[in-house]
Amino acid sequence: MADVLQAGSPEPAARHAGAPRGARIGVGAAVLAVAALLVGASATLTSLTAPAPAPARTEGSTAEVVESAALSVAEVPAFAGPIAALPVPEQTALAAAVDPCALPEVVAALGAGDDEAVIAGFGGAEPFRVAVTEDRAPCVSLDDPARTWMVVNKVRPYAPMSFRPTALALPDGVRSLSGGALHEKSATALATMAADARDAGVGEIALASGFRSYETQTDTYRSHVAGRGVEGADLVSARPGFSEHQSGFAADVVACDGGCGTLDDLAATPQGRWVHDNAWRYGWIVRYGEGMTDVTGYVPEAWHLRYIGPALAQEYHDGGWESLEEFFGLQPAPDYIG
C-alpha cells in the first residue's frame, strides 16, 4: 500500500485541455477510490501468485488519474504498484476414511484366527470397539461364536443353535469340579489367573463349570424350570442355544480352601474379591454385574466369568463398562423374543 500512496504524490499534474471541471479532483481522492477498489477486489487479488511490476510514473491530468481508478479489477495492479498477496486461510483436507477390514495385517490376523492381532490391526481395543459399534467393521461379526468378541444373550442365539467349539482344553493346574473344559484360549488364561492368585496368597480358585453342549444346557435349564418355574429359571439359567457356556468362553469359578465352596459363596471370599479386581488383567470380565438385570437378563453372578481377551478386557475395565451389550452398542436383552 505504501507504493500506491507514492503513485498519488501531491505534485500537481498538468491540466488536460477541455477536461470537465468535475473531473479535476484531488489526487488524494483518487487514491481513496483506488483503495476502495482494492478492498472490493480482495478475493481476486488472493489468487495472484506474484505482484505486477510498477510502471514508470508519467505526467498526466487529474482526470486521467480518475480514469485509471475506473479500470477493471484485473488492471488494478498495473498502476497500483507492488502489492503483497493477501493471506489465504489454509485448508486441511480430511483424510479418506480407511477401511480397517482392508488392512493387510487385519486380513492376515482374521485368517489366522488371532483375535488379539485383529484388534491390534484396528489400532487397539478402543478403535476396534468404536468401529464395531459404528458398523464400520464388516469383517467383525459379534455373532461368530469362535471369536472372543462374540455376544450371545437372550436375543442373540448361536447359529446354528447346536454349535460346538473345536478347540477345547482343560485349564492346566486348575481343579475342575465337573470335569468341564474351556476353549483353549480361555483355558490358558484361567490357568494363569489361578496360578497368580495362588502365588499372591489369595487361595485356590477352581472351575465349577466350563463348556456345556447344547444337550447339557437343555438338561441344566430343565432342572431350573422344575425348581423355579420358567420365569425364575430365565433369571438364572440360559435356554439351550443361548448360553455363554456353549462357546467355551465362559467359566463359573468357586473358592477352595481344602474343600470348595458354592457359587454363591464366592463373592465374600478373598478369592472372589481378587477375581473382581483382577480378572480383567487375564482377559476375563464378570459378565453379569450388580444392577444390570434389565440389560443382561440375569441376576448378578459374581462367579460367572466371560473371556474376551486381554485387550478388550482392559478397555472394558478402564472404561467402566458393566455389560457387553453396552460395550458394543447392542440393545438390552432382558427377555427372550417369542
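**View 1. Polar partners of the D115 side chain.** The side chains of D115 and K185 form a polar contact at 3.4 Å in this model, which is predicted. The D115 side chain also reaches the backbone nitrogen of T148, at a distance of 2.9 Å, and the residue that carries this side chain is located in helix α7, which spans residues 115-121.

**View 2. Surroundings of D115.** With a relative accessible area of 2%, D115 falls under the 20% cut-off and is therefore counted as buried. When neighbours within four places in sequence are left aside, the residues in contact with D115 are A146, R147, T148, W149 and K185.

**View 3. The largest nonpolar core.** This core comprises 29 residues, and those with the most contacts inside it are L182, L190, M193, I205, V253, W274 and W284. Two or more residues each are given to the core by α9 (184-199), β3 (204-209), β4 (250-257), α11 (270-278) and β7 (301-307), and the largest share, seven residues, comes from α9.

View 4. L182, one of the residues with the most contacts inside the largest core, is in contact, once neighbours within four places in sequence are set aside, with A167, L168, A169, A187, L190, L207, G210, F211, G248, A250, A251 and W284.

Technical notes
Residues numbered from 1 in each chain as written. Predicted model: local features only at pLDDT ≥ 70, side-chain atom pairs only at ≥ 80, totals over all residues. Heavy atoms only, no water. Helix = DSSP H or I, 4+ residues; strand = E, 2+ residues; numbered from the N terminus. Buried < 20%, exposed > 50% of the residue type's maximum accessible area, 1.4 Å probe, protein only. Polar contact = N/O pair within 3.5 Å; in protein donor to acceptor, adjacent residues only side chain to side chain. Contact = heavy atoms within 4.5 Å. Core = buried A, V, L, I, M, F, W, Y, C linked by side-chain atoms within 4.5 Å.
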